[in-house]
Amino acid sequence: MRLLGIMLPLLVSVSLLSSCNEKEKFIVYGSPDNEKEVEAILKEHDFVDKTTVIQYDDSMLVAVQIKPWDKWKKAKLEKKLQKEFDEKYPNKDVLVSADFKIFYEANKIKKDKIEDNKLNDKIKELKELSKEES
Amino acid sequence: MVMSFVFAFIVGGIICVIGQLLMDVGKLTPGHTLSTLVVVGAILDGMGLYEPLIDFAGAGATVPITSFGNSLTHGAMAEAEKHGLVGVLSGMFEVTSAGISAAIVFGFIGALIFKPKGNID
Amino acid sequence: MEKEQYKKLEQNVTPKPPYLKNVAKAFFVGGLICTIGQAVSLFYMIFFNFTEATAGNPTVATMVFFAMILTGFGLYKRIGQCAGAGSAVPVTGFGNAVISAAIEHRSEGLVLGVGGNLFKLAGSVVLFGVVSAFFVGLIKYILVTIGVVSW
């Protein structure tokens with residue numbers, strides 16, 4: 001009986017975690033409720049491997065990871081996605097970045113469940129970071 | 001994630017193989033070989049081909065000596081875009097060249113703490 | 001005539017380098033050094049505020065630091081003997097050339113010994129790097145001004 005009490009939650013959590021790896025390739029986190037739209041834009045493209053979108057009101061940060069073989073064209077693909085997002089959300093301040101650091105930090109934001117003003121600050125911080133040249 | 005390491009290994013290895021062939025088949029000295037590779041890096045960046053290689057292979061393209069040529073040229077072109085012809089001269093060491101500075105600094109430090117023939121002073 | 005004859009004789013007697021072995025060794029050691037560089041890059045991106053674009057600088061500096069340690073303990077020489085271009089082509093090879101020259105000439109003093117000989121082996125790399133960057137930049141500038149290409 002005790003064994004079952006330990007094994008069952010363990011099995012459930014392990015199966016949840018393993019399915020986590022598969023599903024969580026497209027993450028949208030933040031206030032506006034346009035998850036489906038954003039996912040749709042990104043899923044359309046084959047070259048997008050994983051993406052984490054962080055948003056707060058009118059500020060959106062789209063962090064993508066391009067598939068390894070397509071990384072030759074990383075700069076061009078990033079520009080392409082930027083144009084698409086600018087056209088789709090002209091009222092928002094969207095930044096698309098294919099940089100690993102931005103993606104890693106965006107995932108941290110989601111993990112730490114940062115909210116409200118801190119979220120806005122963090123987004124601004126990351127946008128500044130991605131513009132640095134040296 | 002793993003792929004980034006695989007590509008770094010392969011591309012870095014290939015650049016080193018090119019160097020080895022220049023030395024073995026081309027009969028160039030190491031000095032000639034490295035100079036040639038740096039020039040190749042500079043030309044590739046001029047054609048806009050080295051940055052995509054860095055995007056693809058990461059450290060496989062930034063660690064070999066070819067990246068010196070690339071970063072010097074990249075800095076020169078970036079400054080020339082902003083400030084015209086004089087930028088070609090002023091921009092070279094601006095964006096990056098941590099390798100050259102590091103080599104000088106660590107060379108100096110190394111000379112202070114190491115004795116020749118590899119014993120610590 | 002004698003010079004020519006001697007050259008031919010030298011070529012006939014000198015053993016041919018084992019091409020395939022050398023290429024394989026260069027590939028593996030060079031690839032390994034670059035893989036270590038990739039790990040260092042990742043380290044800087046995760047634990048510090050560097051992006052993919054800016055992580056190249058600290059990575060290269062760190063690799064040169066490793067080269068200093070290996071050179072100081074006389075280990076880089078051994079790697080070089082077996083790996084050829086695999087240890088010379090990465091930036092660690094450049095670092096080793098500069099640092100070993102510095103260590104060797106320390107006895108002649110810091111200014112004349114170290115300063116005068118630091119670039120003995122690496123000077124051509126810096127020279128041709130700067131000169132080629134200049135000409136490539138110049139050509140690109142001219143082409144852009146004419147209007148053939150854009151930045």
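Student: In what order do the four strands of the open sheet in chain A stand?

Tutor: This is a predicted model: local features need pLDDT of at least 70, side-chain atom pairs count only at pLDDT 80 or more, and totals for chains, interfaces and linings use all residues. Residues are numbered from 1 along each chain as its sequence is written, while chains are lettered from A and ligands numbered from 1 in the order in which they are written. Strands are DSSP runs of E with at least two residues, helices are runs of H or I with at least four, and both are numbered from the N terminus. The pairing in this open sheet of chain A is mixed, and the strand order is 1-2-3-4.

Student: Which strands of chain A are the edge strands?

Tutor: Two strands pair if DSSP finds at least two bridges between them. An edge strand here pairs on one side only, which picks out strand 1 (26-30) and strand 4 (93-97) of chain A.

Student: What is the average twist from one strand to the next?

Tutor: Angles run from 0 to 180 degrees between N-to-C directions, with axes as lines fitted to C-alpha atoms, for helices over the stretch in contact. From one strand to the next, the twist averages 10°.

Student: Which residue in strand 4 of chain A is the bridge partner of Ser59(A)?

Tutor: Strand 3 (residues 59-66) and strand 4 of chain A pair in the parallel sense, over five bridges. In strand 4 of chain A, the partner of Ser59(A) is Asp93(A).

Student: What angle does helix 2 of chain A make with strand 1 of chain A?

Tutor: Two residues are in contact if their C-beta atoms, placed from the backbone, lie within 7 Å. Helix 2 (residues 35-43) of chain A packs on the sheet and touches strand 1 and strand 2 (48-56) of chain A. Its direction and that of strand 1 of chain A make about 145°.

Student: At what angle to strand 3 of chain A does helix 5 of chain A run?

Tutor: Helix 5 (residues 116-131) of chain A lies across strand 1, strand 2, strand 3 and strand 4 of chain A. To strand 3 of chain A, helix 5 runs at about 50°.

Student: Is Asp57(A) buried, partly exposed or exposed?

Tutor: Asp57(A) lies in the loop between strand 2 and strand 3 of chain A, and its phi is near 55°, a positive value in a residue other than glycine. A residue is buried if 20 or more other C-beta atoms, placed from the backbone, lie within 10 Å of its own, exposed if 12 or fewer, and partly exposed in between. Asp57(A) has 13 C-beta neighbours inside 10 Å, so it counts as partly exposed.

Student: Is Lys27(B) buried or exposed?

Tutor: Lys27(B) sits in the loop between helix 1 and helix 2 of chain B. Its phi is near 55°, again a positive value in a residue other than glycine. With 9 C-beta neighbours inside 10 Å, Lys27(B) counts as exposed.

Student: Which helix of chain B gives the most to the side that touches chain C?

Tutor: The contact takes 62 residues from chain B and 63 residues from chain C. Several helices of chain B supply at least two residues each, among them helix 1 (2-24) and helix 7 (98-113). The most, 15 residues, comes from helix 1 of chain B.

Student: Why is chain C described as more spread out than a compact globule?

Tutor: Chain C has eight helices and zero strands. The radius of gyration is taken over C-alpha atoms, and the globule rule is 2.2 Å times the number of residues to the power 0.38. That rule gives 15 Å for the 151 residues of chain C, so chain C counts as more spread out because its radius of gyration is well over that, at 21 Å.

Student: How far apart are the C-alpha centres of the two domains of chain C?

Tutor: The assignment gives domain 1 (18-120) and domain 2 (122-151), with bounds from an automatic or database domain assignment. The distance between the C-alpha centres of domain 1 and domain 2 of chain C is 26 Å.

Student: Which helix of chain A supplies the largest share of the side that touches chain C?

Tutor: Here 10 residues of chain A are in contact with nine residues of chain C. Helix 4 (100-112) and helix 5 of chain A each supply at least two residues of that side. The largest share, four residues, comes from helix 4 of chain A.
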